[in-house]
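Work through the exercises below with the model open beside you. Try each task before you read its solution.

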Amino acid sequence: MKGKKTMSQIKITHSRARNLRRDMTPEERKLWFGALRKHQCEFRRQHAFDKYILDFYCKEAKLVIEIDGKQHLLRENALQDSTRTDYLNSRGLRVLRFMNSDINSNFSFVCYIIDQVVEERCNGVTEVKTRWE
């Protein structure tokens with residue numbers, strides 16, 4: 001069956017997620033320890049979801065947060081990101097992408113956007129449009 005993962009593939013994905021949790025980037029650490037770890041809604045870091053590992057995931061809000069470095073600006077990587085985002089959207093998830101530079105220079109605004117989207121997704125508030133999406 002195409003699209004189905006074997007037990008071996010699932011174990012590899014979960015093992016890789018564990019390693020990524022241990023080896024977070026400075027920007028991921030800043031967002032995790034500075035905002036998401038004790039957020040009102042539970043977030044998971046480096047969460048295995050189907051064939052992907054999500055930087056941060058909130059099941060309650062069906063929200064994915066991805067923190068991207070400069071390599072994501074390359075055409076090939078941007079296409080992969082787009083495919084991944086389309087797939088996650090098709091599963092009912094909302095994806096927010098922030099660059100490392102956003103975390104480093106606009107941290108409070110990034111946190112504000114995340115809070116607004118969580119509120120929207122959990123409490124039915126009218127959708128917030130941002131330049132970050």
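Predicted model: local features only at pLDDT ≥ 70, side-chain atom pairs only at ≥ 80, totals over all residues.

Residues are numbered from 1 along each chain as its sequence is written, and side-chain values use heavy atoms, with hydrogens and water left out.

**Exercise 1. The fold**

Task: State how many helices and strands the protein has, and in what order they run.

Solution: 
- Step 1. Helices (H or I, at least four residues) and strands (E, at least two) are DSSP runs, numbered from the N terminus.
- Step 2. Count them: five helices and four strands.
- Step 3. Read from the N terminus: α-α-β-β-β-α-β-α-α.

**Exercise 2. Burial**

Task: Find what share of the 133 residues is buried.

Solution: 
- Step 1. Buried means under 20% relative accessible area, exposed over 50%, and partly exposed in between (1.4 Å probe, protein chains only).
- Step 2. By that cut-off, 41% of the 133 residues are buried.
- Step 3. Take Ile-113 as a case: this residue lies in helix α5 (residues 107–123). Its relative accessible area is 2%, so Ile-113 is buried.

**Exercise 3. One face of a helix**

Task: Work out where the buried residues of α3 sit around its axis.

Solution: 
- Step 1. Helix α3 spans residues 75–90, 16 residues in total. Its first and last C-alpha are 22 Å apart, close to the 22 Å expected at 1.5 Å a residue. The expected span is 1.5 Å times one less than the number of residues.
- Step 2. List the buried residues: Asn-77, Asp-81, Arg-84, Thr-85 and Leu-88.
- Step 3. Look down the axis: these residues fall within an arc of 100°, so they line one face of α3. The arc is that of the directions from the helix axis to the C-beta atoms.
- Step 4. Recall the geometry: an α-helix has 3.6 residues a turn, so residues three or four places apart point the same way.
- Step 5. Check the partners: the buried residues of α3 pack against β1, β2, β3 and β4 (94–99).
- Step 6. Turn to the other side: Arg-75, Glu-76 and Ser-90 are exposed there.

**Exercise 4. Positive phi**

Solution: 
- Step 1. Most residues other than glycine have a negative phi.
- Step 2. Gln-46 has a positive phi, near 50°.

Notes. Contact = heavy atoms within 4.5 Å.
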